[in-house]
Amino acid sequence: NIFMIEKKKTELYQELGLQARDLRFQHLMSITTRNNRIILRMEFLKAVITPEFLLILDYRNLSLEHWLFNELASQLAGEGQLVTYSLPFEFRAIEAILQYRISKLQGRLNTLQPQILETLEALVDPKLLSVDRSKLHILLQNGKSLSELETDLKVFKETILEILDEEELIEELCLSKWTDPQVFEESTSGIDHAEEMELLLENYYRQAEDLANEARELRVLIDDSESIIFINLDSHRNVMMRLNLQLTMGTFSLSLFGLIGVAFGMNLESSLEEDPRIFWLVTGIMFLGSGLIWRRLLSFLGRHLEPPLPPHVPAVLKKSQPAVGRVEIKNNLKAETFGLSRST
């Protein structure tokens, strides 16, 4: 039976036997018990669970109508796929809300994962000389959403773990055990409802842990891709710097031997300018000397930029060193044994 009621908060907590502070829902996620009532909050979803009914508060502004009328009703009636269909009502209510929360977190991860992978595939390309800023902006937005998802998963796990660490809290969640005599007899005859509640919470804790691992893998992938992007950009920057350095060295070589042409271009009277072969001779010396100096500078640059090769270790030394060590150890042991025998 599904019905809607509108009541003031004062009337509501008086009817439920709660205090005003119990319905404030100050935490982002919390599961507490008061006066045989389970007060539960999953981010925007606020609910109160009793052994007879489930009360969802302020659902109109949260777009929960589809879930409430199409999924939750059948789950609480035991017609859904819940594992706790044979257990008391509060088990089905808790599992339905936890399943709803996990499905929302899973949906957020399924939405983020292809977007992040597509953006990283577009960014991590060694042929790119620059990075597309629009892709970086999309990656930044997805990274923020991923951080929010990781925070929500962490809060979800911590809330459930706090209950799993306290046996008394698990016992308090079993509401029908203390109100229904039949359930109490079942708990004493062999069906441990506290153990069933613990298994239920552990199941959703493991699901949240799996989602957190997937989100963590995405975070590591983003960090690794960021390193690859920086390496590619540094590689292209190094190529441009090396080309600039080579051109600078060529300009230096050409200007160095260009001083000869400058000297001959001055208005000086000598017998060399009368010979027509001197022009070609001086020009050839200038270009030949500039090429030789540039070649020399390039070889010097190559020797200092390339990493040195590791020293070669002969195979004989590799095999002989452990043997020498063993012989020395045996000799030391013999000497120590001989000294001990003499002292004895």
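**View 1. Serine 225 in helix H8 of a predicted model.** At 7% relative accessibility, serine 225 counts as buried, where buried means under 20% relative accessible area, exposed over 50% and partly exposed in between, with a 1.4 Å probe and protein chains only. This serine belongs to helix H8, residues 193–265; helices (H or I, at least four residues) and strands (E, at least two) are DSSP runs numbered from the N terminus. A polar atom of the serine 225 side chain lies 2.8 Å from the backbone oxygen of leucine 221. Leaving aside residues up to four places away in sequence, serine 225 touches Leu120 and Val124, contact being heavy atoms within 4.5 Å.

Residues are numbered from 1 along each chain as its sequence is written. The model is predicted, so local features need pLDDT of at least 70 and side-chain atom pairs count only at pLDDT 80 or more, while totals for chains, interfaces and linings use all residues, and side-chain values use heavy atoms, without hydrogens and water.

**View 2. Lysine 157 in helix H4.** Within helix H4, residues 133–164, lies lysine 157, which is buried with a relative accessible area of 13%. Not counting residues up to four places away in sequence, lysine 157 touches Tyr205, Ala208, Glu209, Ala212 and Arg216.

View 3. Leu12, Tyr13 and Leu16 are buried in helix H1, residues 9–16. They cover an arc of only 85° around the axis, which puts them on the same side of H1; the arc is that of the directions from the helix axis to the C-beta atoms. Their cover includes strands S2 (37–42), S3 (45–49) and S4 (54–57), whereas the face turned away from the buried side carries the exposed residues Gln14 and Glu15.

Terms used:
Polar contact = N/O pair within 3.5 Å; in protein donor to acceptor, adjacent residues only side chain to side chain.
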